[in-house]
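Colleague: Please take a close look at the aromatic rings in this model. Walk me through how they are placed.

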Amino acid sequence: MDTYSSIFTRASTRKFDSAPLSAQELEGFETFITSVKPLVPEVKLTHKIVGADGVKGLALPKAPHYLLISGREHPLRNTAAGFCFQQAELYLYSRGYATRWLNSVSPRQPDPNFIIGIALGKPSEPAVRKPGDFDRRPLEDISSGTDSRLEAARLAPSGMNGQPWYFVASGGVIHVYYRPSLGGIKGRLYHLTDLDVGIALAHLKAAGDHEGKSFRFTVNQSSAPTPPKGFAYVGTVE
């Protein structure tokens, strides 16, 4: 299975095999991460993989590894993190591993630049679903215009399944917007909608790679259509 195909069957899991991955398996993952082209070159992200003794948080799944993601402040830091590490998640899933994004985890050793974590290991039971099993809004609710890559973005995971994105496709480019807040109780509990839109961008890239299309992310708000009410412009995929 390749990363693009993974989009249509992937499922996060809370049930991991307790056996840790081998040094060779972890090395393969690190090699992949170094190959990922950053969304924004000036955003510097770091990560480390720790065991259960290196994290804390409520209701964490029992996994053999936890990937902790950090980065210095930048307006697009969280979006860049979602973009990079969703590609890593798709890579892992395509090779039979299990993952779960964790908003509730934090490093046991304080890190002022910490962003988010991912549980990582082998699944103790199959983590697979069919396209019809995804609880997602229809394309007409999250986009205008037509582009074959948008279906992959529609299926992207997001915190509290908030799906905080909107896409305007026109002339082969896709203008990308996000909701800074989910509103209501969700908005008070969850604050990483900018990271979620980075995850959706990773799916757009995977779809573009599958179709032989280039992926170039730019930020030029003056040339983008006015965002829908409640949304903010993120950037444009060319």
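Modeller: Start with F32 and Y91: both are buried, meaning under 20% relative accessible area, where over 50% is exposed and in between is partly exposed (1.4 Å probe, protein chains only). This is a predicted model, in which local features need pLDDT of at least 70, side-chain atom pairs count only at pLDDT 80 or more, and totals for chains, interfaces and linings use all residues. Residues are numbered from 1 along each chain as its sequence is written, and side-chain values use heavy atoms, with hydrogens and water left out.

A pair of aromatic rings is described by the distance of the centres and the angle of the planes. Rings of Phe, Tyr and Trp (its six-membered ring) pair if their centres lie within 6.5 Å; planes under 30 degrees apart are stacked, over 60 edge-to-face, the rest tilted. The whole structure holds 5 aromatic pairs. In one of them, Y4 and F8, the planes stand at 70° with the centres 5.1 Å apart, so this pair is edge-to-face. Y4 is buried at 18% relative accessible area. F8 is buried too, at 19%.

F32 and Y91 are stacked, with 4.2 Å between centres and 10° between planes. F32 belongs to helix α2 (residues 23-35) and Y91 to helix α3 (residues 77-94), so the pair ties together parts 59 residues apart in sequence. Helices here are DSSP runs (H or I, at least four residues), as are strands (E, at least two), numbered from the N terminus.

One ring has a charge over it: the charged end of R129 sits 3.9 Å from the centre of the F134 ring. That requires NZ of Lys or CZ of Arg within 6 Å of the ring centre and within 35 degrees of the ring normal.
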